[in-house]
Amino acid sequence: MKKIVLLAVLTVFGVATSTAQAKKATKAAAKVETSKKAENPKVDGAGMVFESETIDYGTIPHNADGKREFVFVNNGNKPLIITNAQGSCGCTVPTYPKEPIAPGAKAVIGVKYATDRVGAFTKTVTLTSNAEGMASKILTIKGTVQADETPKG
């Protein structure tokens with residue numbers, strides 16, 4: 001009989017604990033969502049908020065795929081128009097949407113780094129747009145391209 005009572009108490013305690021943890025997790029998720037909304041303040045005009053302004057390629061092999069993407073949202077109330085995207089050298093080639101990005105819409109800035117160059121790199125892409133308060137925006141890519149292994153012989 002004592003075992004049954006003990007088992008019942010432990011079961012009730014376990015359910016109560018898991019319910020409390022679920023409530024805490026829900027509150028934590030709500031706080032994260034609230035802070036994300038705070039990070040994307042609405043602007044009067046066109047706006048541009050990036051998920052990340054730096055892409056770290058890490059260490060990649062020689063001649064690996066050098067394509068990456070910067071994702072952003074127009075957090076303004078007017079269409080965002082990007083008029084130019086310029087890499088800091090010929091080894092960094094950006095692509096950008098030519099059509100206006102509607103308010104609230106997501107878009108992508110593509111960048112391709114020439115991974116035929118061995119060694120560490122840090123390069124930038126400068127965007128020119130009608131974003132309110134930032135006529136230009138600088139994005140960064142970085143990483144290291146490993147040299148090919150020399151054959152042992």
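I began with Ala114, which counts as partly exposed because its relative accessibility is 24%; buried means under 20% relative accessible area, exposed over 50%, and partly exposed lies in between, with a 1.4 Å probe and protein chains only. I kept in mind that this is a predicted model, where local features need pLDDT of at least 70, side-chain atom pairs count only at pLDDT 80 or more, and totals for chains, interfaces and linings use all residues. Residues are numbered from 1 along each chain as its sequence is written, and side-chain values use heavy atoms, with hydrogens and water left out.

Next I looked up where Ala114 sits: in the loop between β6 and β7 (119-129). Strands are DSSP runs of E, at least two residues, numbered from the N terminus. The C-alpha atom of Ala114 lies 9.0 Å from that of Lys67, although 47 residues separate them along the chain.

Then I turned to the sheet. It is open, with four strands in the order β1-β3-β6-β5 and antiparallel pairing; two strands pair if DSSP finds at least two bridges between them. β1 (49-50) and β5 (92-95) are at the edges with a single partner strand each, so one side of each has no neighbour in the sheet. I followed β5 to β6 (residues 106-113) and found four antiparallel bridges. Thr95 has Gly110 in β6 as its bridge partner.

Which cysteines form a disulfide? Cys89 and Cys91 do, with sulfur atoms 2.3 Å apart; the cut-off is a pair of cysteine sulfur atoms within 2.5 Å. The structure holds one disulfide. I noted that Cys89 is partly exposed at 25% relative accessible area, whereas Cys91 is buried at 2%.
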